[in-house]
Structures are given as C-alpha cells and as structure tokens.
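User: Hi, I have a structure open and I'd like to go through it with you. Can we start?

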Amino acid sequence: MRNTILPLLFLLSISVFRAQKDMDSIRLNDIRIIASHNSYKKKPHPKALKFLSKFQDKLGEQNNPKFIDYGHLPFEEQFTDYGVRGVELDVNYDPKGGHYRRRRVNLFLFGQKQRVKDRSMKSPGFKLLHISDVDFETNYLTLIDGLQAIKEWSQKNANHIPIFINIEAKGSHPADESKTLRNLGFKKCIPFDTIAYQKLESEIAAVFSPNDIYKPSDFKSGYASISERVENMGWPFLSECRGKVVFILEGNNQHIYRSFKQPLMFYYGEPNDVNTAFLLRNHSMGIESSISEQSAKYVIRTRSDAGTIQSRDHDFSMWNSALKSNAQIISTDYYKADERWSGYKVGFNNVFKIRN
C-alpha cells in the first residue's frame with residue numbers, strides 16, 4: 001500500500017506546484033470574469049410592476065417597468081453556485097438617516113407598507129437601492145450589510161481570485177426630474193461631495209482591512225502613476241491579488257474622489273488619464289476590436305444583457321459581442337436563467353477565463 005500511495009502523493013505535489021507556478025504567470029488583466037449587475041437587487045413586487053405599467057406612456061421608454069423586472073440571489077449563492085466574481089452596488093448617500101425609509105410608490109398599492117421598519121434605515125449611512133420610491137427591493141438595505149456579506153464569503157474562501165466591487169454613487173432619482181413626484185413625497189437624491197466620499201471610504205474601511213483591499217497604491221508599486229507602472233512592469237500577477245477585493249468607482253461627482261491622495265478605490269476613466277486602470281464600455285457591439293486592443297493595457301467592463309431584453313428574446317448577440325471584445329468583466333443579470341421568459345443565461349465553465 002505504501003508503495004502505491006507515495007507515488008500518488010508525489011504526483012499530487014507536482015500538480016499543485018505547477019498550478020501555483022501557472023498562477024504566478026497570469027496577470028490580473030488576463031483573466032475574464034462574470035459580474036452581476038445591480039447585484040443586491042430583488043425583483044420588484046408584482047403589484048408595483050402592474051401599477052407602473054399603467055403609466056408606461058407617461059414614464060417613457062427609458063423607464064419601462066419591464067426593464068426592472070429582474071433580481072439577484074444573495075452574494076454567497078452568486079459566488080459559490082454561479083462563479084460570480086464581480087458585483088455592483090448602487091450607493092445612496094443618507095447623511096442624517098431616514099431619507100430612504102419610505103417606499104412612496106406603495107402609497108398607491110393596497111396592502112403594501114410604505115415605511116421600512118428596519119432600524120438601520122433610520123441611521124446615517126449609505127443605503128443600497130436601485131431607484132428611490134420605485135425599485136427598492138434589496139437583499140441588503142445598507143452598504144455595510146452588503147460589504148459584510150462579501151467579507152464573510154471571502155474569509156471562508158481565502159484563496160479566491162479577487163472580487164471586483166463596482167460602486168455606483170447615485171446622483172439622480174425620479175423625484176429629481178419631477179416636481180409632481182416631489183409633491184407626492186418621492187425623495188430626491190442627495191449628491192456626493194467631499195464629505196460623502198470620505199464617509200464612503202470610512203464605511204468600506206469599517207468592514208475590510210487595508211490588507212483585504214487591492215488599492216491603487218498597491219498597483220502603482222512605487223511608480224508615480226498607474227500608466228507608468230503598466231509601461232514598466234505590466235499589470236500585477238494574479239497571485240498578488242488572491243483573497244482580496246478591488247473597488248471601482250463610477251457615478252455622481254466622481255471628479256471629487258479622483259483628487260484623493262491615497263484612495264481605497266480605483267475609478268472608471270479614459271486612456272488620457274494616467275491613473276486610469278479600468279474602462280467602462282457597457283455596449284461592445286460594433287467596437288469589439290477597439291476594446292480588445294485596449295484590454296492589453298486596461299481592465300474593461302461591458303455588459304451581456306440589459307433591461308431583461310435578452311432574456312425575453314433569448315438573444316445572445318450582446319454576450320457573443322462581449323466575448324469577442326476580450327473585455328475582462330462581463331456584467332449580467334442572468335448567470336441563472338429566468339424561466340418565465342427563456343433559458344437565456346451566460347457564464348464560463350470555470351470561475352474565470354483567460355483573455356485571448
């Protein structure tokens with residue numbers, strides 16, 4: 001028996017060594033992952049969708065209620081069961097607390113409560129919701145709740161490839177566009193300023209330690225800019241980022257955050273900015289070659305579907321375009337099919353795929 005086991009153990013150790021060696025040679029911008037879109041979101045209540053559909057002609061095509069008829073599983077299930085490695089969090093600034101406590105569309109829905117009883121909604125801090133007073137169902141009421149769920153999974157899976165956390169600083173809700181809605185009690189969005197971004201970093205730091213986060217300063221590795229580091233050293237190796245999270249900012253007044261000296265988050269920028277590492281190209285169709293060329297220097301996020309359309313039509317054209325583009329982060333609402341409409345779903349056989 002011993003003579004059989006020892007060779008097997010030797011072969012196993014060689015396999016592990018080779019896998020680690022391969023990991024050391026893969027750079028972070030060489031992997032492609034699936035990310036969920038509005039990852040915290042639950043499906044709206046059917047009564048809300050039915051009510052909103054009655055006013056479709058007044059809402060306009062951009063606000064078609066069909067577009068918000070999707071939802072997501074809790075983060076642990078997304079990560080464990082579907083290999084998702086990127087999430088998107090819509091962060092709403094609530095400096096005094098209570099700003100998003102009411103769900104005003106429920107005023108018109110029999111049996112639906114307007115007020116959220118959870119005490120966290122009365123406290124200052126950032127809230128996770130898609131559209132104030134309209135599309136607010138969520139697995140995590142607060143940013144802290146969502147980050148803690150990610151942290152718990154990360155601790156249990158300490159050698160995971162990095163999780164990309166897309167932070168969207170919300171800057172507008174329906175009440176910002178409509179005086180009528182404001183008169184009905186719908187809430188305007190509170191814009192992000194310097195204090196808001198400082199508090200946002202504080203909430204992130206309350207959950208994740210500096211060693212948990214792969215930061216812009218880690219990326220620069222002593223160089224003056226991200227561009228200079230890429231030109232001289234290339235992107236970091238995947239082995240340097242295992243077990244970590246990477247925050248990427250988009251949204252309201254992000255120019256304020258770009259002036260921070262030691263930021264926790266990257267941001268979506270453009271090639272003319274020497275500190276841009278990530279590009280946002282949500283619609284890859286027709287520009288696949290351009291994105292593929294840029295993917296050698298940047299990590300690019302695109303989408304495989306939007307507004308439930310691809311699921312309803314069982315249409316893989318956006319997914320095929322995203323694959324062709326070589327974009328590294330492909331955002332979807334359908335890592336799991338919504339059988340109400342079709343079997344449409346996307347993903348990779350493994351947690352990540354190597355860029356062509």
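Analyst: Here is a short chat about strands, salt bridges and surface patches in this predicted model.

User: Let's start with β9. Which way do I329, S331, I330 and T332 point?
Analyst: I329 and S331 point one way from strand β9 (residues 329-332). I330 and T332 point the other way. All are buried.

User: Which strands pair with β9?
Analyst: Strand β1 (residues 31-36) pairs with β9 in the parallel sense, over four bridges. There, S36 stands opposite T332. Strand β8 (residues 299-303) also runs parallel to β9, joined by three bridges. In that pairing, R301 stands opposite I329.

User: What does the side chain of R301 meet in a salt bridge?
Analyst: The side chain of E250, at 3.4 Å, N to O. This pair links distant parts of the chain: R301 is in strand β8 and E250 in strand β5 (residues 245-251), 51 residues apart.

User: Is R301 buried or exposed?
Analyst: Buried, because its relative accessibility is 3%. E250 counts as buried too, at 12%.

User: How many salt bridges does the structure hold?
Analyst: It holds 15. One of them joins the side chains of D338 and K43, at 3.7 Å, N to O. D338 sits in the loop between β9 and β10 (353-354), and K43 in the loop between β1 and α2 (46-53), 295 residues apart. D338 is buried at 8% relative accessible area, whereas K43 is partly exposed at 39%.

User: Which residues are linked in a network with that pair?
Analyst: D69, R312 and R340 are linked with K43 and D338 in a network of salt bridges.

User: Last one. Where is I161 found?
Analyst: In the loop between α5 (143-156) and β4 (163-169). I161 is buried, at 4% relative accessible area. The C-alpha atoms of I161 and F352 are separated by 8.7 Å, though the two are 191 residues apart along the chain.

Technical notes
Residues are numbered from 1 along each chain as its sequence is written. This is a predicted model: local features need pLDDT of at least 70, side-chain atom pairs count only at pLDDT 80 or more; totals for chains, interfaces and linings use all residues. Side-chain values use heavy atoms; hydrogens and water are left out. Buried means under 20% relative accessible area, exposed over 50%, partly exposed in between (1.4 Å probe, protein chains only). Helices (H or I, at least four residues) and strands (E, at least two) are DSSP runs, numbered from the N terminus. Two strands pair if DSSP finds at least two bridges between them. A salt bridge is a side-chain nitrogen of Lys or Arg within 4 Å of a carboxyl oxygen of Asp or Glu.
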